Amino acid sequence: NEAPVVFAGFGIKAPPTEKFPAYDSYKGADVKGKWVLVFKDTPEGISPEQRHNLNSYSRVQHKVTVAKNEGAIGVVLIDPSSDAKESFAGVKFEGTLSDSSLAVLRLDQATLKELLKLAGQDYKKLNNKLQQGESIETIAIPSVYLKAEVALDFTKAQGTNVIAKLPAKGAKTAVLIGAHGDHLGTGDSGNSLARGAEKGQVHFGADDNASGVSGVMELAHYFAAETKK
C-alpha cells in the first residue's frame, strides 16, 4: 500500500562518546508506517576522527536496521555528493546478516530537492547543515505517498581465504588471529571509505590492507620462530 514519506538526514543513530555527543537522526520523530529518505554514508564536513566514530553506524545495513526499529516500512537512499539522475535499479544487497526485511530503493538528488520544496524546505541549507555534522528534525513530505515492488536478482561470487595452523605441544585450546583486505592503493575500486578531497589519495595506516595482513604475517613469523627454540 502507499505510505507517507519523511526525510531523516543521514539516518544515523550513534551513542555519545567522551569526545562527541550523541547523533540521532530520529530524535522525537514518528516514522512508523512511513518511507524514510536518508543520505548515504556520513557527513563530508566533519573531522576524520568524528567520521571514524560514525562509520560503524553509517553502513546501509545498519541504517536499514535502525529504520526498521523505528517502525519505517522502507528506506530510500540519496547520494548528496552527486546531482546525476540515478535510476532506482542497482542498489547492492548488503547480505543476509542484516536483521531487516525492509525494501531499500535509491533516489536521485534532484528529485529530493523537489520533494523538500513541497515541505517548504531549502535543500542547499539543509544539506550544508547536515554535511557539517549538525542534525535536523525529520521532515514530512506533504501530499506525497510512495508504493514500490522490489525484486532481488542475485549474482554469486566465490572468495578465497587463507588459513594456517601452528600446533603447540599440550595445547587444548587455540587462538584465532585474522585480518581482512578492503581495498588496494588509492581505494578507487568503490569500496573505500575516502570522502571528498581524500578520494584518489594513498591510504595510510589502518585504512589499508597492509596494516592487518602484514600484522598477521609478522605474528605468524614470530610465533613460528618461537616454536623452534
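Q: Which residues of β5 point one way, and which the other way?

A: In this predicted model, G74, V76 and I78 point to one side of β5, while V75 and L77 point the other way. Burial is judged by a relative accessible area under 20%. Residues on both sides of β5 are buried, so strand β5 (residues 74–78) is mostly covered, with five of its five residues buried.

Q: Which strands pair with β5, and in what sense?

A: Pairing is read from the bridges between two strands, of which at least two are needed. Strand β4 (residues 35–39) pairs with β5 in the parallel sense over five bridges, and W35 stands opposite G74. Five bridges also join β5 to strand β6 (residues 103–107), again running parallel; here V76 stands opposite L105.

Q: How many residues has the largest nonpolar core, and which elements supply it?

A: A core is a set of buried nonpolar residues joined through side-chain atoms within 4.5 Å. The largest has 26 residues, and those with the most contacts inside it include Y23, L37, F39 and L112. At least two residues of this core come from each of β1, β4, β5, β6, α3, α4 and β7. Apart from it lies another core of 15 residues, V36 and V75 among them.

Q: Is L219 buried, exposed or in between?

A: L219, found in helix α5 (residues 209–227), has a relative accessible area of 36% and is therefore partly exposed. With L166, V175, I177, Y222 and F223, L219 makes a nonpolar surface patch of about 590 Å².

Methods:
Residues numbered from 1 in each chain as written. Predicted model: local features only at pLDDT ≥ 70, side-chain atom pairs only at ≥ 80, totals over all residues. Heavy atoms only, no water. Patch = residues over 30% accessible without salt bridge, like charges linked within 9 Å, V, L, I, M, F, W, Y side chains within 5 Å. Areas by Shrake-Rupley, 256 points an atom, 1.4 Å probe, with all protein chains shown as cover. Salt bridge = Lys/Arg side-chain N within 4 Å of Asp/Glu carboxyl O. Helix = DSSP H or I, 4+ residues; strand = E, 2+ residues; numbered from the N terminus. Buried < 20%, exposed > 50% of the residue type's maximum accessible area, 1.4 Å probe, protein only.
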